[in-house]
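Here is a short briefing on the structure shown below. Keep the sequence and the 3D view open while you read.

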Amino acid sequence: MHELSITQSVVDAIVERSAGKKVTVVRLRVGRLSGFVPDAMRFCFELATDGTNLQGAALDIDEPPGVAHCRTCGEYFSLTDLILLCPCGSADVEVLSGRELVVASVDVV
Ligand SMILES: [Zn+2]
């Protein structure tokens, strides 16, 4: 379960930067093509934040679809899963976004 290690590193990074202030909301952007399962991350978040200044914080996960560019027909289209096929049928596509895992913002009090 790689969600545990990535969630732990996100929590560690926020703990380090929030300097002991109480964190109430963490917003993540997890691209649909990142391979991370948001529900698993929510579960791991509770474990990882236990006993830290993030304990009890809400985890808000935005899951933007990916964007790809087809080298065959030149179209830009969105991707909601890892099946990299253009509507024209070509698999010669370049993924432009959707693999990111980003801390979008953090609320502290
Ligand atoms: Zn195409």
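In this predicted model, four cysteines hold a zinc ion: C70, C73, C86 and C88 each coordinate through SG, at 2.2 to 2.3 Å. The site is tetrahedral, with angles of 103 to 118° among the four donor atoms. The points below start with this site, then turn to the core, the salt bridges and the surface.

**Zinc site**

- Along the chain, the donors of the zinc ion are spaced C-x2-C-x12-C-x1-C.
- C73 sits in the loop between strand 3 (66–70) and strand 4 (76–79), and C86 sits in the loop between strand 4 and strand 5 (93–97), so this pair ties together parts that lie 13 residues apart in sequence.
- Is C86 buried or exposed? C86 counts as buried, because its relative accessibility is 5%.
- C73 has a relative accessibility of 38%, so C73 counts as partly exposed.

**Nonpolar core**

- The largest nonpolar core has 15 residues, and V26, L28, F45 and L54 touch the most other members.
- Two or more residues of this core come from each of helix 1 (2–18), strand 1 (23–30), helix 2 and strand 2 (58–62).
- Strand 1 gives the largest share of this core, four residues.

**Salt bridges**

- How many salt bridges does a search of the whole structure find? The search finds four.
- D60 pairs with R27 in a salt bridge, with the closest N and O atoms 3.9 Å apart.
- This pair links distant parts of the chain: D60 is in strand 2 and R27 is in strand 1, 33 residues apart.
- Both partners count as partly exposed: D60 has 39% relative accessibility, and R27 has a relative accessible area of 28%.
- D92 and R71 meet through their side chains in a salt bridge, 3.0 Å from N to O.
- Here too, distant parts of the chain are linked: D92 lies in the loop between strand 4 and strand 5, R71 lies in the loop between strand 3 and strand 4, and 21 residues separate them.
- D92 counts as partly exposed, because its relative accessibility is 37%.
- R42 forms a salt bridge with D39, where the closest N and O atoms are 2.8 Å apart.
- R42 and D39 are three residues apart in helix 2, so about one helical turn separates them.
- R42 is partly exposed at a relative accessible area of 31%, whereas D39 is exposed at 58%.

**Surface patch**

- L4, F43 and L47 make a nonpolar surface patch of about 300 Å².
- F43 belongs to helix 2 (residues 38–49).
- F43 counts as exposed, because its relative accessibility is 52%.

- A19 is found in the loop between helix 1 and strand 1.
- Phi of A19 is near 50°, a positive value in a residue other than glycine.
- For context, most residues other than glycine have a negative phi.
- A19 is exposed, with a relative accessible area of 60%.
- How far apart in space are E94 and A19? E94 and A19 are 40 Å apart, C-alpha to C-alpha, and 75 residues apart in sequence.
- E94 lies in strand 5, and at 34% relative accessibility E94 counts as partly exposed.

Terms used: Residues are numbered from 1 along each chain as its sequence is written. This is a predicted model: local features need pLDDT of at least 70, side-chain atom pairs count only at pLDDT 80 or more; totals for chains, interfaces and linings use all residues. Side-chain values use heavy atoms; hydrogens and water are left out. Patches are made of residues with over 30% relative accessible area and no salt bridge: like charges are joined within 9 Å, nonpolar side chains (Val, Leu, Ile, Met, Phe, Trp, Tyr) within 5 Å. Accessible areas come from the Shrake-Rupley method with a 1.4 Å probe; for residues, only the protein chains shown count as cover. Buried means under 20% relative accessible area, exposed over 50%, partly exposed in between (1.4 Å probe, protein chains only). Donors are N, O and S atoms within 2.8 Å of the metal (3.2 Å for Na, K and Ca); water is not among the atoms, so sites may look incomplete. Four donors count as tetrahedral if all angles lie between 85 and 135 degrees; four count as square planar and six as octahedral if opposite donors are over 155 degrees apart and all others between 65 and 115; anything else is irregular. A nonpolar core is a set of buried Ala, Val, Leu, Ile, Met, Phe, Trp, Tyr and Cys residues joined through side-chain atoms within 4.5 Å.
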